[in-house]
Amino acid sequence: MGKIFVRGRNLQRNCPNCGESAQARDFSEAAPNWEKSSEDFSQFSRWREATPQIAFWGGSQRRAWYYESVLAGSNVQVLDMPFFSIVIPVYGTADHLPRAVELLQHQKFSDWEAVIVDDGSPDNARQVIADLASRDSRIVPVFHDHNQGTHLARGAGAARASGQWVLFLDADDELAAGSLEQLAQEISERPCDVLHFGAEIVGIDMPLETVAVIAKLSNTDFPALSGQEIVESSFIKPDGERQDWHVWQRVYRAELVRKAFERMEKLRLVHGEDAYEWLVIASLAQVEHFANHIRGYRYFLGRGVTTFAHVAAEQFVQLADAHAQTLAAAEKWAVEFQGFSLTPCVAGLRERTIELLAGDWYVRVAAADKELTMRHMVKLFGAVQIAGELMRLVRDTAYADWDHGRGLNLEAEYLTWYRWAVDLANGHKPTERLRVFREVAERHLRDLAHRSGVPAPVIEADTVEGLHSGWHKHSEQCGKRRNGWLVHVSRLVRVPQKILRAVRRLFSR
C-alpha cells in the first residue's frame, strides 16, 4: 500500500484488530500534552501499527518534536500542517476567484492552504478551482453537487481545513498584500482564540455615507476581551460601543472554529449567517484580541448580497424568510448553550436584524409593493416591532425633508407609514423603541407643519397610549378608519380643511 497523507483532520480509519475508530485530529490535538493523554496515545499506537506508511501532518514545533521523538524509526512520516487555512466559499463568483487566489500567492507569508468550496455554483467555478489546484498544491478543492448556502459551505471548508488557524474569505473579496505575515506575527506575540483585524471597505455603487459607517464599525478598536464579554460586545452594546459580527474579519484558532461549526445548525442559511456564526463562535471563545491597524481584508461592498439594488416583492419575502430562519437558529443556540445566558444577545440580534431588514425594505422595495411586504414582516416579527421600524423611518424621512428646507408634504410616503405604524401599534403595549421613535417622528411632523405656515400642532396626550385612544376616538366619530387617521393627522399638524378634503378624495379612489 502507498503512503496515506493524513491532511490534518479528515481521515478516519478502523483498527482491523479491535474495530475501534481513530481520527487523526484526536492525536494532533492531544500531542502538546501527550504525557497526560495515554489513552489517546495508546489508541494512536494501535491505529498506527495497523496502518502502513502514513504521512502524518504535524503542527507546531512542539508537536513535531513529539512525533519525531516518540515515533522515531516508525513508518510515520512527520510533516508540518499549514499555519493558516483560508476557507473560500464560491457561488456565482468564479470571475473574481482567480484574483483572490493570486493575491494569496503573492503574500510573503507562504505557509497557508486555501480550502475553496464550490457550493454548486452555476458558473464555471468547478473548472476554475480545478485549474488553480492543478498549479498550486496549497489549494484544496471541495465540490458540492448542489447549492447548500454560505453557512454550510463555510462549515464544509472548516471541517476540511488542516491549518492551525482559520480565516474566511469571500471569493469576491481580497486579502491585502503582506497581511498574512502581519497576522502571523500578531498571533505569535499575543496568543488568543480570535484575532480581529482591520478592513478596507470599497464601495461598489454604494453611497459614501454607507461605506463610511461600515468602515467605522469594522475598525473600532477594543481592549482584549475574554469570556462572556466577547459575545456581549457584538450583540448588546449600543452603536459606537460595539464590535461588528463579521465572520470574515477575524482569524480563529482551528480547534475553536471546528467545534463551533460542528455545533451549529446544518441549515441552508444565506442571509444573516455571519451574525449567527459569530454568536456561536464568540460564546465558545475565551480570548479575543484586536489588531485593527492591520487593514488586511479588502471588502467590496455592493458586489454580494449587501446592495441597494431594487427587489421585487417575492424576492423581499424570500429575504425576510431567510433572516427569520437565521434568527430561529440563533434562538435555538441560546437555549442549548449552557455557559451563560445568551438571551440578551439574541434579543439584540433580533432587534438589529429587523432594523437592517426594514432598511432594505425602505431602499429596495417599490412603493407599490411596500404594504404587502410590510405585512409579511409583521407575520414574521410581530406588529409592535414593525411599528417601531416604521416610526423610525418616518422620523428619518421627515427629518430629511426638514434638513433640505422642505415643508410638510401630504403626499409623502412617510405619512402612509405613520398611519400603518399607528394601526399596528393599536391595542399592543408599546416598546421603548416604538415610544421614542414615535415621539421624535411626531415632533418632526410638527416642525414641517410650522415651516409650511400651518399653526402649531395640538397633541391630545403625551403618551403613546393616549395618542392611541385619541386616534380611536376620531376613528369612531368619523365612522371610517381611514378618515379617522386623517382627522388625527389634521389635529396633529392643524392641516387646513381644504387640503384635508383633497387628501380624503385621493384616498377614496
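Figure 1. Of the protein's 509 residues, 52% count as buried. Buried means under 20% relative accessible area, exposed means over 50%, and partly exposed lies in between, with a 1.4 Å probe and protein chains only. This is a predicted model: local features need pLDDT of at least 70, side-chain atom pairs count only at pLDDT 80 or more, and totals for chains, interfaces and linings use all residues. Residues are numbered from 1 along each chain as its sequence is written, and side-chain values use heavy atoms, with hydrogens and water left out. The protein has 20 helices and 14 strands. Helices (H or I, at least four residues) and strands (E, at least two) are DSSP runs, numbered from the N terminus. Take the contacts between residues at least 6 apart in sequence: 77% of them join residues at least 24 apart. Contact means heavy atoms within 4.5 Å.

**Figure 2. Leu 167 and its neighbours.** Leu 167 lies in strand β9 (residues 165-168). Leu 167 has 2% relative accessibility, so it counts as buried. Leaving out residues up to four places away in sequence, Leu 167 touches Phe 84, Ser 85, Ile 86, Val 87, Leu 175, Leu 180, Leu 183, Phe 197, Arg 250 and Val 251. Val 257 is 90 residues from Leu 167 along the chain, yet their C-alpha atoms are separated by 9.6 Å.

**Figure 3. Cys 345 in helix α13.** Helix α13 spans residues 343-364 and holds Cys 345. Cys 345 is buried, with a relative accessible area of 1%. Leaving out residues up to four places away in sequence, Cys 345 touches Val 231, Glu 232, Phe 235, Ile 236 and Leu 279. Cys 345 and Leu 279 are 66 residues apart in sequence, but 8.2 Å apart in space, C-alpha to C-alpha.

**Figure 4. Aromatic pairs.** The whole structure contains 13 aromatic pairs. Rings of Phe, Tyr and Trp (its six-membered ring) pair if their centres lie within 6.5 Å; planes under 30 degrees apart count as stacked, over 60 as edge-to-face and the rest as tilted. Phe 83 and Phe 109 form an edge-to-face pair, 5.7 Å centre to centre, with 70° between the planes. Phe 83 sits in the loop between β5 (76-79) and β6 (84-90), and Phe 109 in the loop between α4 (97-105) and β7 (112-119), so the pair ties together parts 26 residues apart in sequence. Phe 83 and Phe 109 are both buried. Phe 222 and Phe 290 have ring centres 5.3 Å apart and planes at 40°, so this pair is tilted. Phe 222 lies in the loop between α8 (208-218) and β12 (225-226), and Phe 290 in strand β14 (residues 287-301), so the pair ties together parts 68 residues apart in sequence. Both Phe 222 and Phe 290 are buried. Ring pairs also link Phe 83, Phe 84 and Phe 109 into a cluster.

**Figure 5. Arginines over tryptophan rings.** Arg 242 lies over the face of Trp 245, 5.8 Å from the ring centre. Arg 250 lies over the face of Trp 278, at 3.7 Å from the ring centre. A charge sits over a ring if NZ of Lys or CZ of Arg is within 6 Å of the ring centre and within 35 degrees of the ring normal.
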